[in-house]
Every structure is written in structure tokens, then in C-alpha cells.
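Hello,

Here is the structure for you to open. My notes follow below it.

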Amino acid sequence: MSNAPRRALIVIDVQNEYVTGNLPIEYPPIQTSLPNIGRAMDAARAAGVPVIVVQHDSPEAAPLFAKGSAGWQLHAVVAERAHDHLVNKTMASAFAGTDLAQWLNEHEIDTLAVAGYMTHNCDASTILHAAHAGLKVEFLSDASGSLPYENAAGKASAEEIHRAFSVVFHSSFAAVATTDEWLAAVQADSQLERDNIYTSNLRARSSAQRAQAA
């Protein structure tokens, strides 16, 4: 197929810090996301889709992701599987200060499928960066995850954060799909389609109007 996507799967920061460390992922639960990450990596390998693994590095004295610490290590789900390229980063976006853009260009990748942690931070930064660079982007919503926040701006649960970011991604930046839906697209060598801002908003307004009329 001439219009088949040239995919790569990028698996972001699947490190022990998010599983047994100081930033436990809550939603979707790791009992869901970790197996799906493994399934996505296996399917990518079987289909000849390159797999990029990303690892976040912090200074050795840092409270999170301290290089060399147990929390910094890649989780076994990722560490025990093969990858085609490893990216070590120090900022949220996997593109910032790394060779990722060059590697994707050299391998003629036009579609970047994103899995890993966290939905609202490193995934979001990478998704926006990729979209602005002209790549088509896919986001595996059940092979990723968030945790809750509370600060001077307010508070939000992990589910709220993950859902809101997923909805925003699908409205403009990335086609959001479950792992099963992504596996089917890989098997069919077909492109996943995202929505757009106008229709996403129109549906919300129409739903609100129906609710008021009921």
C-alpha cells in the first residue's frame, strides 16, 4: 500500500519509579498498562515496526529518576524486550536535546505511536513536539497512565488527568486508540485517524443541549 504508514513505536519512561518508586501510576492501573506495553512491543517487533525506548535521566542526587538508582532502571517489561533505538533524555519531550528527530528522519518514519508514562507530561510533550514537526501521531490510551495532582491551582485525579489529556490529544494532535485497536491497525497496515477541534466541540455542545432538553 503506497499510503501505508511508516510507523515507529516509542515507549516512554517505563521505569521502576512509576511502578515501585516515588511516582506510582494510578490510572489506568499498571496492571493494565504494563501488559499492554509489552503486547505493543511484541506486535511491533513481529510486524517490523521499529521500537524506540526512552529513559529519563536525572542527576544522581535527585529525588526522582536518579541515574543509576533502582527507580531509574527500565522496568522488566521493557528491559527484557528488544528495541531498535534507545533515547536518554533530561527533559519532558523525547525530542528535546536528543537524536530522536534525526533517527526518525533517517528511517523515514512518518507515524509515531506513543506508549508509556506519563500521559500528561512526557507523553504529552512528545506528542505535541511530534505533531508540530509534521509527524502523524498515535497514542495508546491503555498502555500509558497518569497520577493525581494537588497544588495551588487545584486538584485532579489520575483518571481526570488521563481522560482530559486523551480527549485533547484526539481533538487535534494524535489518534487515540486502545492497544487492541492499535494492534489491529498495525496488522492491517492502516492509519488511525484523529478527530478535529470543531467536531469534538460540536459533539460536546450537542450533548449538552440534549441533556438540557431532556
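Predicted model: local features only at pLDDT ≥ 70, side-chain atom pairs only at ≥ 80, totals over all residues.

Contact here means heavy atoms within 4.5 Å. Residues are numbered from 1 along each chain as its sequence is written, and side-chain values use heavy atoms, with hydrogens and water left out.

Lys-89 sits in strand β3, residues 85–89. (Strands are DSSP runs of E, at least two residues; helices are runs of H or I, at least four; both are numbered from the N terminus.) Lys-89 is buried, at 1% relative accessible area. Buried means under 20%, with a 1.4 Å probe and protein chains only.

Now α4, residues 119–132. Its buried residues are Thr-119, His-120, Cys-122, Asp-123, Ala-124, Thr-126, Ile-127 and Ala-130. Their cover includes β1, β3, β4, β5, β6 and α5. Gly-134 follows α4 and has a positive phi, near 95°.

The axes of α4 and α5 come within 11 Å and cross at roughly 5°. Axes are lines fitted to C-alpha atoms, for helices over the stretch in contact; angles run from 0 to 180 degrees between N-to-C directions. So α4 is roughly parallel to α5, a label for angles under 35 degrees. On the α4 side, the contact includes Leu-128 and Ala-131; on the α5 side, Phe-165 and Phe-169 are among the residues.

Best wishes

How values were computed. Buried < 20%, exposed > 50% of the residue type's maximum accessible area, 1.4 Å probe, protein only. Parallel < 35°, antiparallel > 145°, perpendicular 65-115°, else oblique.
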